[in-house]
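Please have the sequence and the structure at hand while reading.

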Amino acid sequence: ARGGNALNILLPKEITPAMFGAGTNIPAVDPYVNEIAWASGADGVVGDKRVRGSYVYECIKAVTGAPANTYAPDSAQGGEFWFKDDATPTNRWAPFDEYLFTKARALGQVKYVINPGFVNGVEVHGVEADSITVTATDGEGGPELMAPVTVDMWDQAYGLWEYLFGDLQRSTKGSVKGLPIHPNLCVTVIAARTTPDEQAAVGYISIGQWQRFLAPDSLSSGTVTSASAELKSYSYYDKKKDGTYTRRRGRQSTDLSITCTVKADEGPRVRNVLARVLDVPVAMEAVPTSKFSWLSTVGFITGGISAPSNGLIDIDIKVEGNI
C-alpha cells in the first residue's frame with residue numbers, strides 16, 4: 001500500500017456500567033443465554049454458573065450453607081468456591097472485553113446505547129449480522145447530532161463472476177469516524193439481521209478517539225510506505241504414528257506490520273499515542289477504504305520511531321492480532 005494513506009489508531013474509552021442506556025437490548029443478566037445472577041444465601045454445586053458483575057463464574061467447590069453461601073464470587077473468600085475465566089464475560093459485556101470471539105447474541109438485532117462523553121469514533125468487529133447502524137444523539141432519545149451511518153455487511157464482489165455466481169461473504173467489521181464532539185453524546189450501535197428470528201452477534205465494540213497521523217503539508221494524512229498482513233491460525237494437528245491425524249479447528253487472528261511516514265513535528269504525539277496503547281488491545285487500520293480492508297485488526301501494538309531525513313520520521317508498527 002503506497003501513497004497518501006491514513007494510519008488510524010482508536011484510543012478506546014473505558015466503558016462503565018453507568019454508560020449503558022435503557023435502550024440497550026442485552027440485559028445485565030440475560031435469560032436468552034441462560035444466565036443466572038449470583039444471590040447471597042443461595043447454595044451451589046460444582047459446575048453451576050452464576051453472573052456477578054461483568055463475568056460468569058463457575059462453581060468449583062460445593063457451596064453449602066453460611067457463611068460460604070454469602071461469599072460473593074468476586075471476593076477473596078469466594079475465590080475458594082468460584083472460578084472466573086477471563087474468556088467468559090456476560091452476554092452484555094462480551095463486546096467490551098479483550099477478545100473478538102466472545103460475542104453478545106440476541107434474536108433479530110444486538111443493540112447497545114452508550115453514553116461515553118467526548119469521543120469521535122466507533123469500531124466494531126466479530127459481527128454476525130446483515131448491517132450495522134451507528135447513530136449519535138444529544139442524550140438517549142434526544143435529537144440526532146448527525147445522520148445515521150449504516151454499513152452493509154455484505155463484502156464487495158471481486159469481479160462480475162463473483163457478483164453473479166460467487167458465494168458472497170459477509171464482512172465481520174465496520175468503523176465510523178467523525179462523531180460530533182458533544183458533552184452529552186449518546187452513541188447507539190445496532191447489528192441487525194434482515195430476518196427477525198435469526199440470531200445476530202457482535203464480538204467487539206470500541207468507542208473512543210481516532211488518532212490519525214499527519215504527513216507532510218502536501219498530503220492530508222500519514223503515508224503508508226509498506227504494509228503486510230499475516231493470518232494466524234490456532235488450529236492444531238494431532239498426528240498419529242500411522243500417518244493419520246486429528247485436526248482441531250482453532251480461532252484465527254490477523255497480525256499487521258506497517259511503516260508510516262509522517263511529519264517530524266508529529267513525533268511527540270506519535271510517541272505519546274504508542275505509549276498509551278502499549279499492553280492494551282486496540283483497533284487500528286492502515287487504509288480506510290474497502291479494497292484495503294485487510295489492513296485492519298484489533299490487537300496489541302508495538303512500535304519504533306526513526307528520523308530518516310528531510311524533516312520526516314518513520315513509524316514502524318507491529319500489531320499482534322487478538323482472537
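The sections below describe a sheet and then a residue in a loop.

## Basis of the report

The structure is a predicted model.

## An open antiparallel sheet

Four strands make up an open sheet, in which they follow the order E6-E11-E8-E9 and pair in the antiparallel sense. Strand E6 (109–114) and strand E9 (149–152) lie at the edges; each has a single partner strand, so one side of each is left without a neighbour in the sheet. On average, and with direction ignored, neighbouring strands of this sheet are turned by 10 degrees against each other.

The pairing of strand E8, which covers residues 131–138, with E9 is antiparallel and comprises four bridges. Within this pair of strands, Ser-131 has Asp-152 of E9 as its bridge partner.

Asp-97 belongs to the loop that lies between strand E4 (82–89) and strand E5 (104–107). Is this residue, Asp-97, buried or exposed? Asp-97 is buried, and yet it has no salt bridge. The nearest side chain of opposite charge is that of Lys-84, at 9.9 Å, whereas a salt bridge requires the charged atoms to be within 4 Å.

The side chain of Asp-97 does have polar partners. One is the side chain of Thr-102, joined to that of Asp-97 by a polar contact of 2.8 Å.

When neighbours within four places in sequence are left aside, Asp-97 is in contact with Tyr-55, Asp-86, Pro-89, Thr-102 and Tyr-204.

Methods:
Residues numbered from 1 in each chain as written. Predicted model: local features only at pLDDT ≥ 70, side-chain atom pairs only at ≥ 80, totals over all residues. Heavy atoms only, no water. Pairing = 2+ DSSP bridges. Helix = DSSP H or I, 4+ residues; strand = E, 2+ residues; numbered from the N terminus. Axes fitted to C-alpha atoms, helices over the stretch in contact; angles between N-to-C directions. Buried < 20%, exposed > 50% of the residue type's maximum accessible area, 1.4 Å probe, protein only. Lys, Arg positive; Asp, Glu negative; His and termini not counted. Polar contact = N/O pair within 3.5 Å; in protein donor to acceptor, adjacent residues only side chain to side chain. Contact = heavy atoms within 4.5 Å.
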